[in-house]
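Open the model in your viewer and keep the selection panel at hand. We will go stop by stop, selecting a few residues at a time.

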Amino acid sequence: MTAQTPILSIHDLQVSYGRGSREKQVIFDASLEIATGEVIGLIGETGSGKSTLARTVLGLVKASGGRVEFDGTDLSRLKPAQWREFRRSGVLQYVFQDPQRSLDPEFTVEQSIAEPLVTQGRLSSAEIAAKVREYLARVHLDESLLSRLPGQISGGQRQRVAIARALVSEPKLLILDEPVSALDSANRVQILELLQSLAGPSVSLLFISHDLGSVAGITDRVVVLYRGRIVEVNSTDAIINAPHHAYTRLLVGSAPTLTGAASARATREELRAKIAAD
Ligand SMILES: Nc1ncnc2c1ncn2[C@@H]1O[C@H](COP(=O)(O)OP(=O)(O)OP(=O)(O)O)[C@@H](O)[C@H]1O
């Protein structure tokens, strides 16, 4: 961690859904800092609260306690107009698991990638057209796709378009919620390699995944979320080689690409029993 202001800093975050007797807390006292240029994995099983945490940072879900600071600005205090301005600036972007959710089905590839720049209103049409082509090339797509709709390209191509769209406004933080889990294994590897190559010193990436094995190759640090609580944060190496929390050990053991599949199987049941007893 550098002495720089973290790009994202979350303090004692609490998030609940529902009201009154139906209220259910899903995030408990979550604190986390992401430095500029860092690639972080947020890992946890289904229902652990990963998407809720991300959606709270994006302002789509309201926190019931704690605060979220982006580049030193307390997002919890922004008024609606300030939120709109913050969104328009494009400094915080996201890519969902299903690119259909990030792309308007009625926008061509060109319109989708151009939209964040059009909204910003800083560049001329010619400059926007040039940027769209630059980012299309960066995600290794051909210009012949520019006039297609999302329904007319493959799932892997859609996810590349969603990534180009997210990066074109030169965000400081890109949140990727299970960005490869809807893709086949060949596309998965290609997209992860692509993201790794696109991550530079000025952009931080927050990868959300239920599968440690799928993101461990590109993350600097890993945050482990278990039942709404951050139970471990450490370098990816330490998480894999010396996990502290029983749930982290289960995650490592469940990723056969990280450890021998046989030894993983042998310890999995034992760890499940320990977690159940916690
Ligand atoms: N809009 C909502 N209203 C009520 N409860 C919700 C809502 N969204 C999520 N939850 C609940 O909050 C908890 C955390 O869900 P969340 O989607 O954040 O988990 P997740 O780790 O992202 O899971 P997954 O990997 O399956 O996407 C779950 O118990 C879920 O049922």
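## First stop: Pro-243

Select Pro-243. Leaving out residues up to four places away in sequence, Pro-243 touches Glu-232, Thr-248, Arg-249 and Val-252. Pro-243 sits in the loop between α9 (236-241) and α10 (246-253). Is Pro-243 buried or exposed? Pro-243 counts as buried because it has 21 C-beta neighbours inside 10 Å, and the cut-off for burial is 20 or more.

## Zoom out: the whole chain

This is a predicted model, so colour it by pLDDT. The protein chain averages 88, and 91% of the residues score at least 70. The predictor gives the complex an ipTM of 0.97 and a pTM of 0.88.

Select residues 260-266. Here pLDDT stays under 50, and the model has five contacts beyond four places in sequence for this stretch. Where pLDDT is low, predicted coordinates should not be read in detail.

Switch to cartoon. The protein chain has eleven helices and ten strands. Along its principal axes, the C-alpha trace spans about 60 × 45 × 40 Å. What radius of gyration does the protein chain have? The value is 19 Å, which agrees with the figure near 19 Å for a compact globule of 278 residues. Among contacts with a separation of 6 or more, 65% join residues 24 or more positions apart.

Next, select residues 8-252. UniProt lists this range as "domain: ABC transporter" in an unreviewed entry. The range is 38% helix and 25% strand, and its end C-alpha atoms are 26 Å apart.

## Into the core

Buried residues make up 37% of the 278 residues in the protein chain. In soluble globular proteins, nonpolar side chains tend to be buried together. The largest nonpolar core here has 68 residues. Select Leu-42, Ile-113, Ala-164, Leu-174, Leu-206, Val-223 and Val-224, the residues with the most contacts inside that core. Helix α6 (residues 155-167) supplies the largest share of this core, six residues.

Centre on Val-223. Setting aside neighbours within four places in sequence, Val-223 contacts Leu-32, Ile-40, Gly-41, Leu-42, Ile-43, Ile-230 and Val-233.

## Helix α4

Select residues 109-120, which form α4. Which residues of α4 are buried? They are Val-109, Ser-112, Ile-113, Ala-114, Pro-116 and Leu-117. Their cover includes α5 (125-138) and α6.

Select Asp-71, in the loop between β4 (65-70) and β5 (73-74). Its phi is near 50 degrees, a positive value in a residue other than glycine. Asp-71 is partly exposed because 16 other C-beta atoms lie within 10 Å, and that class falls between 12 or fewer for exposed and 20 or more for buried.

Finish at Glu-170, in the loop between α6 and β7 (173-177). Phi of Glu-170 is positive and near 50 degrees, again in a residue other than glycine. With 15 C-beta neighbours inside 10 Å, Glu-170 counts as partly exposed.

Notes:
Residues numbered from 1 in each chain as written. Predicted model: local features only at pLDDT ≥ 70, side-chain atom pairs only at ≥ 80, totals over all residues. UniProt positions renumbered as here; feature names shortened; annotations may be inferred. Helix = DSSP H or I, 4+ residues; strand = E, 2+ residues; numbered from the N terminus. pLDDT = per-residue confidence, 0-100. Contact = placed C-beta atoms within 7 Å. Core = buried A, V, L, I, M, F, W, Y, C linked by C-beta atoms within 7 Å. Rg over C-alpha atoms; globule rule 2.2 N^0.38 Å.
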